[in-house]
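Please examine the sequence and the structure shown here before reading the report.

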Amino acid sequence: GDILARIPLDLFFTSMATRIDGPKAAGQEPITLNFVFTDAGETHVLNLENAVLHHWQRDADPNAAATVKLTRDMFLKLGTGQVGLKDLVFSDQLAVEGSRTALLSFFRLLDKPDPNFPIVTP
């Protein structure tokens, strides 16, 4: 947990881009999401288009499908599976402006990380 707390947020979004399930994301309408980290003072904009996820640290996109306001700690708990997505998205522990359905649809396009992946294969 301490190591994850020191990793820059943009690296988490970069790793998220590698977890997009291409076949599931193919043909999806483009989606833009804002993530506003209230404790870190950072805003990250994600755009999924043509099954490719791009992200930028910049001001929130006013045309985004959803804007999520949360703390870095809550984001880490979500990313590490300590908090379930449905429980989190429909709770009071974060604020979502816009479409919660679009947010859930986006997260459903992510492959779950395998903590036991083989570093070296025979």
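The model is predicted. In it, strand S4 spans residues 66-70, and four of its five residues are buried. The strand is thus described as mostly covered.

Strand S4 pairs with two other strands. With strand S1 (residues 31-37), the pairing is parallel and runs over five bridges. With strand S5 (residues 95-98), the pairing is antiparallel and has four bridges. Ala-66 of S4 takes part on each side: Leu-33 stands opposite Ala-66, and in S5 the bridge partner of Ala-66 is Gly-98.

## The buried face of helix H2

Helix H2 covers residues 9-18. Among its residues, Leu-9, Phe-12, Phe-13 and Met-16 are buried. Viewed down the axis of H2, the buried residues fall within an arc of 95°, so they line one face of the helix. In general, an α-helix has 3.6 residues a turn, so residues three or four places apart point the same way.

Asn-47 belongs to strand S2, which comprises residues 42-49. Is this residue, Asn-47, buried or exposed? Its relative accessible area is 15%; because buried means under 20%, Asn-47 counts as buried.

The side chain of Asn-47 forms a polar contact of 2.8 Å with the side chain of Thr-32. A polar atom of the Asn-47 side chain also lies 3.5 Å from the backbone oxygen of Ile-31. Leaving aside residues up to four places away in sequence, Asn-47 touches Ile-31, Thr-32, Val-52, Leu-53, His-54 and Trp-56.

How values were computed
Residues are numbered from 1 along each chain as its sequence is written. This is a predicted model: local features need pLDDT of at least 70, side-chain atom pairs count only at pLDDT 80 or more; totals for chains, interfaces and linings use all residues. Side-chain values use heavy atoms; hydrogens and water are left out. Buried means under 20% relative accessible area, exposed over 50%, partly exposed in between (1.4 Å probe, protein chains only). Two strands pair if DSSP finds at least two bridges between them. The arc is that of the directions from the helix axis to the C-beta atoms. A polar contact is a pair of N or O atoms within 3.5 Å; within protein, one must be able to donate a hydrogen and the other to accept it, and residues adjacent in sequence count only if both atoms are side-chain atoms. Contact means heavy atoms within 4.5 Å.
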